[in-house]
Amino acid sequence: MSRPPENPAQPDHGPDPSDGAIGRSDRGGSSGAAGSARPPGVVVISVVVLLEALALLGAAAWYAFELISGAPVLTFWGAVFTLGLLLVFAAWLFAVGHFLFRGYRWTRAAALVAQLFVLTIGFPTMTGGLVLPGLAMIVPALAALVFLFTKDVIAYASKVGGSTAAL
C-alpha cells in the first residue's frame, strides 16, 4: 500500500498501522528524517556545490571590479545584467547546497543540472590548453554526479517541504 509523502516539519509518530506495525525507523536505509545518518555522498555533493557557488561569487566580484574600473564593454546594461546573473546563480547554488545537506528531494535535480553545466565548461577549458583549471572543474563535477545516483544519497534526499498528507 502506498503512503502519502511525509512533511519533514512534522515529527514521526511511530509505526504506521497500514505497514503491519513496521515504523519508518524500522525499514532500513536513510530517509532524510531527523535522526538518520547523513551519507558521506551528501556531504561531498554539498561541498562541491557550495565551492561552485563561491567560485561564481568570486567571478562576480572580479566582473564587478572590472566593470567599475572602466574595462571596455559593448553595452553597460548588458554587463550589469551578466553581473546580476552571476550573483543570482551563486545564490541559487548556495541554496541548493544547503537544502541538499538537509535532505530535500528537489535539490538532486538542481545539483545534477549544475554539474552538467560545469562539465560543459570544464571539457572545453581542458582541451583548450588550460588543463589544471579544466580538471579543477571536471573532477569535482564527476564525483558529485557519481554520488548523486548512489542509493544512500537517493534515500537520504527524500524530504518534501511544505506538503501535507493527502489522506
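**Core and helix packing**

Modeller: Happy to! This is a predicted model. Its largest nonpolar core has 21 residues, and I45, V49 and A111 have the most contacts inside it.

Colleague: What is I45 in contact with, leaving aside its neighbours within four places in sequence?

Modeller: I45 touches L100, A111, A144, F147, L148 and V153.

Colleague: OK, on to helix pairs. At what angle do α1 and α4 pack?

Modeller: Helix α1 (residues 40–68) and helix α4 (residues 131–148) pack at about 145 degrees, and their axes are 9 Å apart. Their crossing is left-handed.

Colleague: And which residues meet there?

Modeller: From α1 you have G41, V44, I45 and V48, and they meet P140, A144, F147 and L148 of α4. By class, that contact has seven nonpolar residues, one polar and no charged ones.

Colleague: Now α2 and α3. How do their axes cross?

Modeller: The axes of α2 (residues 76–102) and α3 (residues 106–127) come within 9 Å and cross at roughly 135 degrees. The two helices are therefore oblique to each other. The crossing of α2 and α3 is left-handed.

Colleague: Which residues make the contact?

Modeller: On α2, W92, L93, A95, V96, F99 and L100; on α3, W106, T107, R108, A110, A111 and A114.

Colleague: How do those divide into nonpolar, polar and charged?

Modeller: The contact of α2 with α3 has 10 nonpolar residues, one polar and one charged.

Methods: Residues are numbered from 1 along each chain as its sequence is written. This is a predicted model: local features need pLDDT of at least 70, side-chain atom pairs count only at pLDDT 80 or more; totals for chains, interfaces and linings use all residues. Side-chain values use heavy atoms; hydrogens and water are left out. Axes are lines fitted to C-alpha atoms, for helices over the stretch in contact, and angles run from 0 to 180 degrees between N-to-C directions. Helices (H or I, at least four residues) and strands (E, at least two) are DSSP runs, numbered from the N terminus. Angles under 35 degrees count as roughly parallel, over 145 as roughly antiparallel, 65 to 115 as roughly perpendicular and the rest as oblique. A crossing is left-handed if the near helix is turned anticlockwise from the far one by less than a right angle, and right-handed if clockwise. Contact means heavy atoms within 4.5 Å. Ala, Val, Leu, Ile, Met, Phe, Trp, Tyr, Cys and Pro count as nonpolar, Asp, Glu, Lys and Arg as charged, and the others, Gly among them, as polar. A nonpolar core is a set of buried Ala, Val, Leu, Ile, Met, Phe, Trp, Tyr and Cys residues joined through side-chain atoms within 4.5 Å. Buried means under 20% relative accessible area, exposed over 50%, partly exposed in between (1.4 Å probe, protein chains only).
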